[in-house]
Amino acid sequence: MRYSQYLLPTLKESPADAEIASHQLMTRAGMIRKVASGIYSYMPFGLRSIRKVEQIVREEMNRAGAIECLMPMANPAELWQESGRWGKYGKELLRFKDRKQTEFCMGPTHEEVVTDIVRNTVNSYRQLPLNLYQIQTKFRDEIRPRFGLMRGREFIMKDAYSFDLEEGDADKSYEKMYQAYRRIFARCGLKFRAVEADSGAIGGAFSHEFMVLAESGEDAIVSCVSCEYAANVEKAEILCSAEAGAAVTLPLKKVATPGQKSIDEVAAFLQLSADKLLKTLIVQTDSDEFVAVLLRGDHELNEIKLLNLLGGDWVVMAEEADVVRVTGAPTGFAGPVGLKLRVIADNAVRQMSDFVIGANEKDCHYTGANLDRDFKVEIFADLRQAVGSDPCPRCGGELESWRGVEVGHVFKLGTKYSEAMGATVLDDQGKSRELIMGCYGIGIGRTVAASIEQNHDEHGIIWPMPIAPFQVLVVMLNPKDDAVREASEDLYAELLDLGIEVLLDDRKERPGAKFKDADLIGIPFRVTVGARTLKEGQFEFKARAGGEVEMLPVAEAAAELKARVVAAL
């Protein structure tokens with residue numbers, strides 16, 4: 001491809017709304033252009049990388065035994081009503097009516113449609129196991145689209161759905177997809193972790209997220225330094241000591257803490273560390289019940305764990321007026337003593353003694369508070385966020401914390417959708433059985449963006465070879481110089497003949513502008529053809545990922561570049 005004939009509009013400045021590196025660089029490198037909030041056109045340079053990710057995904061899905069299909073973006077409401085998600089999914093589901101006033105939605109995911117396909121086409125256990133996948137555009141009406149392709153409203157996704165009759169077979173299907181995902185992200189040249197995760201709105205028995213490690217990642221994850229355990233902090237289990245707290249030594253005493261509401265403020269005022277304070281959070285459930293949740297002062301509530309414990313569809317922090325009504329004091333002064341609410345506590349509270357709590361009175365706290373003597377806890381459970389340095393729940397080793405970008409998610413769904421929608425087959429005894437499902441998603445554009453988050457510097461993108469839009473950039477320094485032009489054209493033709501994806505920068509631009517664009521677009525290998533080095537029978541070679549400038553003999557350059565590209569794939 002010749003740069004002079006290619007649509008590759010680079011920019012010197014980042015758009016004002018681009019907050020993270022991938023959004024800035026994908027826009028500046030001419031990969032995407034914004035059409036509306038959270039909706040982008042994929043420009044030719046960006047589409048090449050997206051197609052490469054798609055191809056890797058397709059090859060590994062096929063290798064794992066999945067079968068490609070394509071389902072419609074427009075989903076009839078009746079299917080979503082059957083599953084129960086029409087009313088539960090929320091405003092992210094873009095609903096509309098056709099000219100006959102029939103309700104539809106733009107598919108954010110396709111469990112309902114694929115379940116409908118299978119229930120109408122598969123009727124015998126002999127047709128199982130079955131795994132159908134597609135690579136297709138999705139739409140989720142995010143309340144706050146941001147970060148370019150990282151959190152857009154319209155996006156390209158690979159989604160696969162497995163169907164099995166027995167639990168053991170469903171586990172095998174899940175494991176096949178899990179291993180396929182590991183191969184996909186390894187082939188994309190990414191550093192990643194597969195972490196235990198919460199299933200969220202899709203539902204299901206258990207799941208893993210695949211996280212590309214990047215400092216700008218939205219998700220916090222922990223992984224063990226001694227074993228393979230890794231989990232999203234929403235899911236990470238806490239290994240709690242069975243040891244009881246220290247002996248009770250202090251009486252309960254009310255003290256004045258004027259204006260001191262936060263844990264940090266109270267700790268500083270009383271000259272104590274935060275782990276000697278107990279925070280009391282008042283939450284409201286979807287059944288309008290108010291519950292007091294106790295955590296050690298230096299710990300943070302994990303709302304997913306709390307919701308899983310309490311059940312229901314949601315749990316939120318109580319409004320200020322409700323906190324005053326049920327505790328008698330404003331937020332920051334609540335405590336469990338004398339509280340007429342259900343009281344539940346994180347496991348770590350068991351180890352506390354002689355601690356500080358709110359007194360349910362404005363500007364007052366208790367010191368010397370203790371379990372059982374001063375108040376009762378109905379349930380102890382794992383309710384806090386995991387952090388680095390916590391012990392691993394599998395081997396007891398130390399956890400370390402990371403930031404990650406979620407690029408893939410695998411779920412074991414069980415019979416959630418097959419039961420609701422009547423997807424059954426006859427087993428070998430002629431008995432009707434509900435199918436056990438799994439679902440497996442990969443954000444294609446998000447994977448490209450995550451790669452850039454992980455691989456860039458102050459000058460631009462640094463592409464991993466497997467998903468780079470082009471493999472080699474040939475920079476023709478002076479197109480007016482006949483020798484330079486001919487040598488560049490010859491190298492370009494040789495590389496094409498060898499099957500190398502090459503971009504020839506034949507533009508009539510200054511060398512400085514060409515080099516700046518070369519760093520910005522990040523093609524892995526750059527070969528510079530200039531009059532001075534050409535007189536010496538050499539081309540200048542530089543890898544975008546770093547290293548010294550090398551000289552390649554003109555006669556050997558094409559073969560050497562071919563070998564290096566193959567080695568980098």
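Q: In which helix is Glu54 found?
A: This is a predicted model. In it, Glu54 is found in helix H2, residues 44-63.

Q: Is Glu54 buried or exposed?
A: The cut-off for buried is under 20% relative accessible area. Glu54 has 6% relative accessibility, so it counts as buried.

Q: Which residues is Glu54 in contact with, leaving aside neighbours within four places in sequence?
A: Three isoleucines: Ile135, Ile156 and Ile444.

Q: How far apart are Glu54 and Leu491 in sequence and in space?
A: In sequence, 437 residues apart. In space, 29 Å, taken from C-alpha to C-alpha.

Q: How should I read a nonpolar core?
A: Start with the general idea. In soluble globular proteins, nonpolar side chains tend to be buried together. Now this structure. The largest nonpolar core holds 61 residues. Helix H5 (residues 167-187) gives the largest share, 7 residues.

Q: Which residues touch the most other members of the largest nonpolar core?
A: Met31 and Met61. Look at Met31 in detail. Beyond its neighbours within four places in sequence, Met31 is in contact with residues including Met26, Tyr42, Phe45, Val448, Ile452 and Trp463. Ser41, Gly46 and Ser49 are also among them.

Q: How many residues are in the second, separate core?
A: That core has 27 residues, including Cys105, Tyr161, Phe411 and Cys439.

Q: How do I describe two packed helices?
A: Two packed helices are described by the angle between their axes and the distance between the axes. Apply that to helix H1 (residues 21-28) and helix H10 (residues 444-454). Their axes come within 8 Å and cross at roughly 105°. That angle makes H1 roughly perpendicular to H10.

Q: Which residues of H1 and H10 meet?
A: H1 brings Ala21, Ser22, His23, Leu25 and Met26. H10 brings Val448, Ala449, Ile452 and Glu453. By class, the residues of this contact are 6 nonpolar, 2 polar and 1 charged.

Q: How do I read a strand and its hairpin?
A: In a regular strand the side chains alternate between the two faces of the sheet. Then check the pairing. Strand E1 (residues 32-36) and strand E2 (residues 39-42) are antiparallel, with 4 bridges. Ile32 stands opposite Tyr42 in E2. The two strands form a hairpin with 2 residues between them. Gly38, in the turn, has a positive phi of about 75°.

Q: How many residues lie between the strands in the hairpin of E5 and E6?
A: There are 5, and Gln101 takes a positive phi near 65°. Strand E5 (residues 95-97) is joined to E6 by 3 bridges, and the two run antiparallel. Phe96 has Phe104 as its bridge partner in E6. Strand E6 (residues 103-106) also pairs with strand E4 (residues 74-76), antiparallel over 3 bridges. There, Asn75 stands opposite Cys105.

Q: What is the strand order in the open sheet of 3 strands?
A: The order is E13-E19-E18, with antiparallel pairing. E13 (253-256) and E18 (355-358) stand at the edges with a single partner strand each, so one side of each lacks a neighbour in the sheet. From one strand to the next, the twist averages 35°. E13 pairs with E19 (residues 364-369) over 4 bridges. Val255 stands opposite His365 in E19.

Q: Where is Asn347 found?
A: In the loop between strand E17 (342-346) and E18. Asn347 counts as buried, at 18% relative accessibility. Leaving aside neighbours within four places in sequence, Asn347 is in contact with Cys240, Phe380, Ala381 and Asp382.

Terms used: Residues numbered from 1 in each chain as written. Predicted model: local features only at pLDDT ≥ 70, side-chain atom pairs only at ≥ 80, totals over all residues. Heavy atoms only, no water. Pairing = 2+ DSSP bridges. Axes fitted to C-alpha atoms, helices over the stretch in contact; angles between N-to-C directions. Parallel < 35°, antiparallel > 145°, perpendicular 65-115°, else oblique. Contact = heavy atoms within 4.5 Å. Nonpolar A, V, L, I, M, F, W, Y, C, P; charged D, E, K, R; others polar. Buried < 20%, exposed > 50% of the residue type's maximum accessible area, 1.4 Å probe, protein only. Core = buried A, V, L, I, M, F, W, Y, C linked by side-chain atoms within 4.5 Å.
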